[in-house]
Amino acid sequence: MIGIIRSTGLLLWTGLLFPMLLMAQQEMESWQHKGAGTDFQNGVRSEEFYTRATSTSGRTIVVAVLDSGVDTEHQDLKGNIWVNPGEIPGNNIDDDGNGYVDDVHGWNFIGGPDGRSVIKESYEVTRLYGQEKAKWEGQNVSNLKGKKKKAYEAFRVKKEVVETKIENAKIQLAQIQEMESIVSSALKAAKKELGDSPLDLDRLEASKNEEVKIAARIIRNVEEQGLEVGSIDWLLEVATEQFIEQRKHHEDQLDYGYNPYYDSRTIVGDRYDDFSNRYYGNNDVAGDFAFHGTHVAGIIGAIRDNGIGMDGIADKVAIMCVRLVPDGDERDKDVANGIIYAVDNGAQVINMSFGKGYSPEKHLVDKAMKYAARKDVLLVVGAGNEGADLEKDPKFPNDTYEKKPLLCSGKAPNMLSVGALSPESGEGSVAEFSNYGRTEVDVFAPGVYIYSTTPDGMYDYASGTSMAAPVVSGVAALIRSRYPDLSARQVKDIIIKSTRNLPGKVIQPGTFELVSAAELGVAGIVDVVSAMKLAASVKGKARMSKRVKAASYTPAAEKA
């Protein structure tokens, strides 16, 4: 069964049934660390790097995870969680004077002063439709010209998207309710016919009761999929749980995702249109929606070689938790403030495994990205999972500034966009869901069936460019740890230039067509061994500011 969480505009796949499961489970749990010469040629060769390494020396690099929340108490993360050296936990005082009270492990920009946090959120297209709806309703639009006509056409596209999604959700919900009634009634009829007798499929199929025959077909279908039906009560329970889950998905679409009247900011308590306000939220960086962020954090920096769970890519890392991604689309104001918070508090790499199709306050995010560039901070973003060409269908955030600066390229020089690879080599190397773009996706990294940390001390598999981006953030942290004189831009260039080539022809995501790998991105497969070798030969240009030096403290685990 595949569960899809649309919290970031990116897909999160859990419990994915994948042919590679035929491989040894232990091998699958670390396939991103493998590489050329192994069964998993699309890995980044981090395992080989650590095997070859003659020294473990390096400075601790702070990596900010801008996401849905991180379980800071997870046994495989706790020792590598960033601890604000200037903050005294739990005293309700802003000890370090940074404007955020008790931000011991980071900050929550979707939290409110009463301790609550936004979990359900609308999509950006819904919010824009809601804002513009009153302007256009009742107007005669047949004679519009110029900018007004263009503005109306843009609104009409949003209106069609939202209203179609609402109608489809209603239809799907009605169909699910009808199917639930049929299945439940049929299984109850079969249970009644059997009485105290054990399950007898032949007897049910021979029944003259049509509902009982339907139940027999349901049971037969389930068993043909490899599941043994021990009792009708068990099947009733499983079916009920699945119907509840399916109903909830569509109910959430109607109540939150595509509801233009839903306003989550009543929870946060800020005036969203006050873009000058950076000091809102609370310090709950975990919360009840932390699967995605915890999984991302583990890929980057789960404690290595501790004999439990899995190993992160980077060994000298402190994970700063910046919570701003709800179950819906993140807001630009929160993204911008999250970037600024991370930069001001010592992050040298920022992982952003989220995205969306509209960015109404892109100027805020651009400004924050430029600030990160001036402070020598690398931004790593997942390309997205719609199987789309980003040159034709851009997603946000991206490296193209809304307004092109004078004497500049108009591109963020410190951002890496990452596409996803599957464990399957050859033509199927690029994940079938990954976004792509000849100039818009910089590199590709493992992003299918990645095993990592999840809340409450657990582990699970997930897929998406959300998982590929933290692989690259981990590689960036590893480079900056060993070669601290390299600038963010140099680290970006090194990661791109040291990639291994993808096969000449690969299947284009979202299609069955074979295309040149060069059509899908700037470079190929991220390679730790080659990147570290290249890094050793490059003269560093980093501006060793006081801010960066302050960020290189030893995390709690090493102090102990």
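Let's start with Tyr449: at 5% relative accessibility, Tyr449 counts as buried, because the cut-off for that word is under 20%. This is a predicted model, by the way, so please hear everything that follows as a description of a prediction. Tyr449 sits in the loop that links strand S9 (443–446) to strand S10 (450–454). What is the phi of Tyr449? Phi is positive there, about 55°, although Tyr449 is not a glycine. As a reminder, most residues other than glycine have a negative phi.

You'll find Asp102 in the loop between strand S3 (61–67) and strand S4 (106–108). Is Asp102 buried or exposed? Asp102 counts as buried, because its relative accessibility is 8%.

While we're on the backbone, there is a peptide bond to look at. Phe396 and Pro397 are joined by a cis peptide bond, with omega at about 5°. For context, most peptide bonds are trans. Pro397 belongs to the loop running between strand S7 (378–382) and strand S8 (415–421).

Now, please turn to the inside of the chain. The largest nonpolar core holds 65 residues. Which residues have the most contacts inside this core? They are Val63, Ile319, Val443, Val472, Ile479, Ile495 and Val526. Helix H12, residues 465–482, gives the largest share of this core, with 10 residues. There is also a second, separate core of 39 residues, and among its members are Val335, Ala347, Met369 and Met415.

Let me stay with Val443 for a moment. Setting aside residues up to four places away in sequence, Val443 touches a stretch made of Leu416, Ser417, Val418 and Gly419. Its other partners include Val472, Ile495, Ile496, Thr499 and Val526. Ala523 and Gly524 are also in touch with Val443.

Next comes Asn351, in strand S6 (residues 349–352). Asn351 is buried, because its relative accessible area is 0%. And what does Asn351 contact, once neighbours within four places in sequence are left aside? Its contacts include Ala64, Val65 and Leu66, along with Val296, Ile300 and Val380. Ala469, Pro470 and Ser473 are in contact with Asn351 as well. For a sense of distance, Asn351 and Arg59 are 292 residues apart along the chain, and their C-alpha atoms are separated by 19 Å.

Ala36 lies in the loop between helix H1 (25–28) and helix H2 (46–52). Ala36 is partly exposed, with a relative accessible area of 41%. Which residues does Ala36 contact, leaving aside neighbours within four places in sequence? The partners are Gln41, Arg45 and Arg500. Arg500 is 464 residues away along the chain, yet the two C-alpha atoms are separated by 9.1 Å.

The other alanine is Ala154, found in helix H4 (residues 146–194). Ala154 is partly exposed, with 33% relative accessible area. Ala154 and Tyr129 are 25 residues apart in sequence and 9.8 Å apart in space, C-alpha to C-alpha.

Let me finish by zooming out to the whole chain. How many helices and strands does the secondary structure come to? There are 16 helices and 13 strands. The C-alpha trace spans about 80 × 65 × 55 Å along its principal axes. The radius of gyration is 25 Å, which agrees with the value near 24 Å that a compact globule of 560 residues would have. Of the 560 residues, 55% are buried. Among contacts with a separation of 6 or more, 76% involve residues 24 or more positions apart.

Last, the surface and the charges. The chain exposes about 24900 Å², and carbon and sulfur atoms supply 51% of that area. There are 66 positive and 80 negative charges, and their mean positions are 9 Å apart. Thanks, everyone, and I'm happy to go back to any of these residues on the screen.

Conventions: Residues numbered from 1 in each chain as written. Predicted model: local features only at pLDDT ≥ 70, side-chain atom pairs only at ≥ 80, totals over all residues. Heavy atoms only, no water. Core = buried A, V, L, I, M, F, W, Y, C linked by side-chain atoms within 4.5 Å. Buried < 20%, exposed > 50% of the residue type's maximum accessible area, 1.4 Å probe, protein only. Helix = DSSP H or I, 4+ residues; strand = E, 2+ residues; numbered from the N terminus. Contact = heavy atoms within 4.5 Å. Rg over C-alpha atoms; globule rule 2.2 N^0.38 Å. Areas by Shrake-Rupley, 256 points an atom, 1.4 Å probe, with all protein chains shown as cover. Lys, Arg positive; Asp, Glu negative; His and termini not counted. Charge placed at Lys NZ, Arg CZ, Asp CG, Glu CD.
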